[in-house]
Amino acid sequence: MRTYEIASIPGDGIGVDVTAEARKVLDEAASLHDFRLRWTEFDWSCERYARTGSMMPEDGIARLAGFDGILLGAVGFPGVPDHVSLWGLLIPVRRAFAQYVNLRPVRLLPGTGSVLRGRSAEELEMVIVRENSEGEYSAIGGRHNTGQPSEFVLQESVFTRVGVERIIRYAFELARTRDGRLCSATKSNGLIHSMPYWDEIFAEIAAEYPDVKSEQCHVDALAARMVQHPERLDVIVASNLFGDILSDLAAAVTGGLGMAPSGNINPPGEHPSMFEAVHGSAPDIAGQGIANPVAQVLAGAMMLDHLGETVAAQAVRSAVDAVLEAKEVATPDLGGTATTEQLGTAVTGALLAP
Ligand code: NAI
Ligand code: MG
């Protein structure tokens with residue numbers, strides 16, 4: 001039987017609850033489609049940090065290297081600064097495994113509403129291709145003249161030719177498989193070094209894809225367009241910071257953070273890719289068992305796609321659609337009273353045999 005070795009890192013807060021439900025759904029999908037997911041669970045989290053002083057062990061990256069995929073819940077918890085949890089686990093994994101694409105598809109799911117009134121599912125479907133390995137999320141910089149009136153900090157961005165070219169090329173290729181439209185997020189009026197460079201490379205690569213209708217848009221105007229004219233957007237390529245912000249906005253306009261998945265992808269497949277919900281550990285509802293597990297289940301479906309189990313992946317998405325459409329089992333963010341576990345069980349039960 002085809003067997004995939006999967007690392008599970010539930011992390012903190014609701015990450016733990018939603019990952020348990022995603023595993024349940026994925027295991028059932030695997031059994032219906034004649035393959036197996038062999039899970040290895042790691043307790044890497046803020047709780048571990050509080051106990052041992054580190055989010056993951058010294059050899060954490062080496063221990064993940066042999067897996068076929070990684071399913072991550074979320075990390076972050078009050079008491080541990082967010083830059084510690086992010087730079088102690090998530091960012092090292094993304095960088096060590098050259099997961100330079102952060103793919104964030106969003107669509108309006110059946111039975112759910114958008115905050116944008118009167119918008120149909122066709123108008124609210126897009127995918128954000130976020131650069132995931134460099135850009136504004138850089139450790140270069142520092143604090144100087146600490147405590148003096150002249151105190152200042154420097155935070156540098158890093159844009160390499162290799163890094164910018166590969167993410168833009170990935171987005172063009174993706175646009176070709178969809179409806180052939182690509183918008184690049186820029187801000188070359190304010191950021192006078194990095195963004196003109198990004199735009200220049202975008203124009204160079206656009207010339208190689210005359211069949212793709214490409215344009216660039218300042219990120220602030222793009223944010224407004226996402227709300228006012230989402231139908232004019234399909235694939236969006238953006239730097240690390242811009243992509244992070246735009247994808248939360250895209251998730252919000254399509255029905256909420258509880259339903260937006262993401263993949264940290266190493267396109268050549270030399271290293272494992274990592275799949276996670278866009279949302280975080282939601283300390284405000286952690287421990288109550290009421291988080292919506294759909295984002296994490298859909299992240300699991302992206303992992304199945306990446307493993308080549310595309311039929312099973314589609315079956316998972318159809319099961320989610322069927323449960324949301326029926327509106328019988330819904331967590332509080334969807335207007336219901338169901339628990340995380342009840343929604344996970346309903347999706348598992350809605351999986352159809354091939
Ligand atoms: P968040 O995404 O955890 O929560 C934002 C809001 O959305 C909260 O009101 C929360 O209750 C709600 N929400 C999120 N997911 C939900 C779900 N599945 N079902 C129902 N409601 C949901 O973002 P926030 O509050 O900014 O961050 C909380 C912690 O998570 C921080 O420590 C942050 O650093 C961390 N974080 C971790 C991420 C990761 O591991 N990739 C990503 C984003 C945040
Ligand atoms: Mg984010």
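Q: What kind of unit do β1, helix α1 and β2 make?
A: In this predicted model, local features need pLDDT of at least 70, side-chain atom pairs count only at pLDDT 80 or more, and totals for chains, interfaces and linings use all residues. Residues are numbered from 1 along each chain as its sequence is written, while chains are lettered from A and ligands numbered from 1 in the order in which they are written. Helices (H or I, at least four residues) and strands (E, at least two) are DSSP runs numbered from the N terminus, and a crossover is right-handed if, with the strands pointing away from the viewer, the path from the first strand over the helix to the second runs clockwise. By that rule, β1, α1 (residues 14-32) and β2 make a right-handed β-α-β unit.

Q: Which residue of β2 is the bridge partner of E5?
A: Two strands pair if DSSP finds at least two bridges between them. Strands β1 (residues 2-11) and β2 (residues 35-41) run parallel and are joined by seven bridges. In β2, E5 has as its bridge partner R38.

Q: Which residue of β3 is the bridge partner of A7?
A: β1 also pairs with β3 (residues 69-74), in the parallel sense and over five bridges. In β3, the partner of A7 is I70.

Q: Which elements give two or more residues to the shell around ligand 1?
A: The shell takes in residues whose C-beta atom, placed from the backbone, lies within 6 Å of the ligand. There are 21 of them, and the closest are G76, G258, H279, G280 and N292. The elements that give two or more are α1 and α4 (82-96).

Q: How many C-beta neighbours does R130 have inside 10 Å?
A: R130 is found in β5 (residues 125-131). Its contacts (C-beta atoms within 7 Å), not counting residues up to four places away in sequence, are N102, R104, A238, N240, G243, D244 and S247. R130 counts as buried because its C-beta neighbours inside 10 Å number 28.

Terms used
A residue is buried if 20 or more other C-beta atoms lie within 10 Å of its own, exposed if 12 or fewer, and partly exposed in between; C-beta atoms are placed from the backbone. Two residues are in contact if their C-beta atoms, placed from the backbone, lie within 7 Å.
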